[in-house]
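I opened this entry to keep track of what I looked up, chain by chain. The notes are in the order in which I made them.

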Amino acid sequence: MATHLVSVLNGLAMGSLLFAIALGLSLVFGMMDVLNLAHGAVYLVGAYVAVALVTDGAGVAAFVLAVLAAAVAGALLGGLLAALTRATTHHLDQALLTLGVGLVVAEVLTLAFGTDVHSISAPAPVGGGVTVLGETYPVYRLLVIGFGVVLAVAVYVLVERSPLGSVIRATVADRAMVAALGVNTGRVLVGVFAAGAALAAVGGVLAGPILGAQPGLDEKVLLLALVVVVIGGLGSVRGALLGAVVIGQVQALGTALLPEYASFLVFAAMALVLLVRPAGLLPARTGVHA
Amino acid sequence: MRAETEKEKEQEKEQEQEKDTVTVHGGTPAPPDPAPVVEAPDSAATAGADRPHRRRAAVVVAVVALLTAAPLVLSPYPVSAMTRMLAFAVLVIGVDLLTGVTGLPSLGQAAYFGVGAYTAVLVGVHITPDAMVQALAGLVMGLVAAAVTGWVAVRARGIVFLMLTLAIGESVHQVADTWSAVGGSNGLAGMPPVTLFGGPALLAAGFVYWWVLVVAALVFAAVALVVRSPYGRTLRGIRDNEARMRALGYRPALARYGVFCLAGAVAGVGGALWAQQARFFSPGDMGFEVAALALLSVVIGGAGSLWGPCLGAALVLFVRDNLSASIGGHGPLVLGAVFVAVVFLMPRGLAGLTGGRLRELAGARRRKENSS
Amino acid sequence: MTPLLELRGLTRSYGSLTAVDGVDLTIPRGERHALIGPNGAGKSTLFATVAGTLRASGGSVLLSGQDITSLPEADRARRGMVRTYQHSSLFLDCSVLDNVALAVQRVHRVAHRFDRAARRFRHTEAEARRHLDSAGLSGRTGDKVSALSHGERRQLEVAMVLATEPSLVMFDEPTAGMSAAETERFVALMERLPEDLTVLIVEHDLDVVFRLADRVTVLHLGRVLASGPPAAIRTDEAVQRAYLGSARTEDLFAEAEAGIEAEAEAEAGTEAEAGTEAGTGGPR
């Protein structure tokens, strides 16, 4: 029972990270039909920022610095991607552009950090464990879960309750209409792209103590984020949250029970959802883009 | 070989015909008369209709002869590299069938390539070294894998299709990476050299090359036939206007599923050929990068045409395996830059992936060649 | 004898708005039936619901006595009910011959064959060329559709539709945007259609309607206002009131012409909605 609890907690921690990562992917797709294939590479930038700044035994300050640096790097990269993809209107071109940028970024990271597997330690004050129902569990992961909850609430308030959020939601539903109403959708789109990429990079830092950093991690993370977006419904914030929680659990339970088939289970979950709900579990309210 | 030559000739003929109208493509109302600038080379072509075809046939014969003669003059290393290019070209032909002909851009074909390769290795290790049996097994398993997973993807179109195929491809890749039955991340080694017709093992690189060349040519001819068949017409119809197809009484989802399975079978053959050359296969050979490079080959080569993507496949693999050695093993850096460059330098070409603009571009280039 | 097309209380609503409200209509085999009505009468919605592009909210559609209400568009086409679109819907990157051959090969059940090159299916190719001949397009078989003029595209669309060997053809404002000469040629083409073919036509150009139709149905606010031979419709007071609020026939024509643009706009909106509903609005 207690081991199951650990796995559920692991799943929640993973779900929190996946939500942070998948959110940008989902909104960018929902708002401008751009499939950002560099999203995994942006995540990896964050992970390597943590490798560079968070040394063994580093304190909270270094970690916070890494988060901020990753957010800035992610936002810049996101802005660049937004600018590049806006240069062409064809969706496949845009996907190929991001694919190219992703390859370049990942290769530059390999050039800089080598092909070794880097592990990143959690900041010292939260590096220990606490006892949860008789099992020792890392404090850091509990904090990640907390971060996920805070992020979910913040995004909910921002997207569902603020004026900016209503522009975002309306753009997902009908871009042409929003533009016709005189809203400068271009700036909103670039902003969302940059913010989404910043979140993915921050996710890379936060996931550092759990997943480490190594070449090829970008693909794995991109895959998980894609599956989260597909399961949740393209362009839907609530969908991304639900998808992240589901995939986090599938991933954690799979790793605990059937380690060899964990990735197969992820695909099976996606196939199952698509079989029952082709547009995802919680599609954006108007499924124009689905 | 002869049949293939004729196929290519046919294709050229079709392209000649397309060339007649490409200039007025692009949504604007067609002018009653094409611009005289365009008409000049066209009328020249009709006047001496035989000449360009004969010249093309000569080119095809020369290319085939060169490809066949290559092992006689080259050392084993470049011959092995060319063998890999041919196997990769088979994968690319399958991607082109989806992307160029049917308008479904795919990043998942590397999965079926891997399935075919693992099948060939397993058959080679446990059952028989017969190359034909292995290739056939690769074909069947690629088909089966595509049939089992494809229904998820073919319900979508465009960029969502791209996303789903990527998810499928990566999932299969990671299953291979963790599944101990296929060696996990270490891959599968120990495949004995292949044999043909119960003869001795094909140890020389040249013999393997010839075998792969023959199969690749057969696949090329088969796909060329599909493209020109009524089914190929159906696929082009789906690419151009799916709603119209439904209004004509078609069930496009069925045709899309069919071509997805077909492309999976083609990729399976490609994988089997790849494994027969390397006698080893690991998850790294079927990852995201392979899928991306296959799509890049199609884009560079010209979606919808068959020989173009084959050329693109050779080019892409050359950059990755040979050029990258001379720049410190960082081929992906170059290829990533190529992706970006292709989009910006040939924007009209890329747009042709779902329309016919790439062919338009190719036509424009041909016209330039003609006039110079 | 069972009518070819029968609508029984056909209804289609968008939320609280009922665009088509309990329409009953019977069209016998071989009849040329026109559907007219002022702006927002629900013609396009009715058309899309009958064709299967939109799903009916109530009532039923019967083709040769068989209930096809729940069948998707493709299955209706297989049973002989085909439609054209307001803006020609063709395969722009394919040749003219390919466009018609796509229809023929479906009927000949060879659309999924890949054992031979398409031109070796001689029966199919010959049939496609015959249809192009009778549409007056035999000179352009090798051209791409994107090179055709507006009028030629209309002709090609008719050839394509006839190549499906239909029992009922539904034309959605076929002469919209045509020049006078093109309209004239199109009407001549319509008059040459086989006798036993049943035609349902939505049309703004009342001149065309009264020349072609055996019977005319007037739709107003989603309901059938009147249905009968052209002569009777011309003089029907209710129809004139609905169109103009006056009883002068000459105004009917003038007003209808002027209304074309406004209505085309209004209906483009409906069409976009229809596309979304039917799930055809995939990202391009």
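**Confidence**

I noted first that this is a predicted model. I looked up chain A and found a mean pLDDT of 85, with 97% of its residues at 70 or more.

**Helix pair in chain A**

I took up helix H3 (residues 60-86) and helix H4 (residues 91-113) of chain A, whose axes come within 9 Å and cross at roughly 145°. I recorded the crossing of H3(A) and H4(A) as right-handed. On the H3(A) side I listed A:Leu81, A:Leu84 and A:Thr85, which meet A:Gln94, A:Leu97, A:Thr98 and A:Val101 of H4(A). Sorted by class, this contact has 4 nonpolar, 3 polar and no charged residues.

**B:Leu86**

I placed B:Leu86 in helix H4 (residues 76-101) of chain B. Leaving out residues up to four places away in sequence, I found that B:Leu86 touches B:Val212, B:Leu213 and B:Ala216. B:Ala216 is 130 residues from B:Leu86 along the chain, yet their C-alpha atoms are separated by 6.5 Å.

**Chains C and B**

I looked up the contact between these two chains, which takes 40 residues from chain C and 37 residues from chain B. On the chain C side, the elements giving two or more residues are helix H2 (73-78), strand S6 (81-83) and helix H3 (96-107). H3(C) gives the largest share, 6 residues. By class I have 19 nonpolar, 10 polar and 11 charged residues on that side of chain C.

**Chain C overall**

I have 10 helices and 10 strands for chain C. Of its 284 residues, 44% are buried. Among contacts in chain C with a separation of 6 or more, 66% are between residues 24 or more positions apart.

**The open sheet of chain C**

I wrote down the strand order of the 6-stranded open sheet as S6-S7-S8-S3-S9-S10, with mixed pairing. Why is one side of S6 and of S10 left without a neighbour in the sheet? S6 and strand S10 (223-228) stand at the edges and each has a single partner strand, so one side of each has no neighbour there. The twist averages 20° from one strand to the next. Strand S3 (residues 32-36) pairs with strand S8 (residues 198-202) of chain C in the parallel sense over 4 bridges. I picked out C:His33, whose bridge partner in S8(C) is C:Leu200. Helix H1 (residues 43-51) of chain C packs on the sheet and touches S3, S6, S7, S8 and S9. The direction of H1 makes about 150° with that of S7(C).

**Other strands of chain C**

I found strand S1 (residues 5-14) paired with strand S4 (residues 58-63) of chain C in the antiparallel sense over 5 bridges. C:Leu7 stands opposite C:Val61 in S4(C). S4(C) is also joined by 2 bridges to strand S5 (residues 66-67), and these two run antiparallel. There C:Leu63 stands opposite C:Gln66. The hairpin of S4(C) and S5(C) has 2 residues between the strands, and C:Ser64 takes a positive phi near 50°.

Methods: Residues numbered from 1 in each chain as written. Chains lettered and ligands numbered in written order. Predicted model: local features only at pLDDT ≥ 70, side-chain atom pairs only at ≥ 80, totals over all residues. Buried ≥ 20, exposed ≤ 12 C-beta atoms within 10 Å, placed from the backbone. Contact = placed C-beta atoms within 7 Å. pLDDT = per-residue confidence, 0-100. Axes fitted to C-alpha atoms, helices over the stretch in contact; angles between N-to-C directions. Left-handed = near helix turned anticlockwise from the far one by under 90°. Nonpolar A, V, L, I, M, F, W, Y, C, P; charged D, E, K, R; others polar. Pairing = 2+ DSSP bridges.
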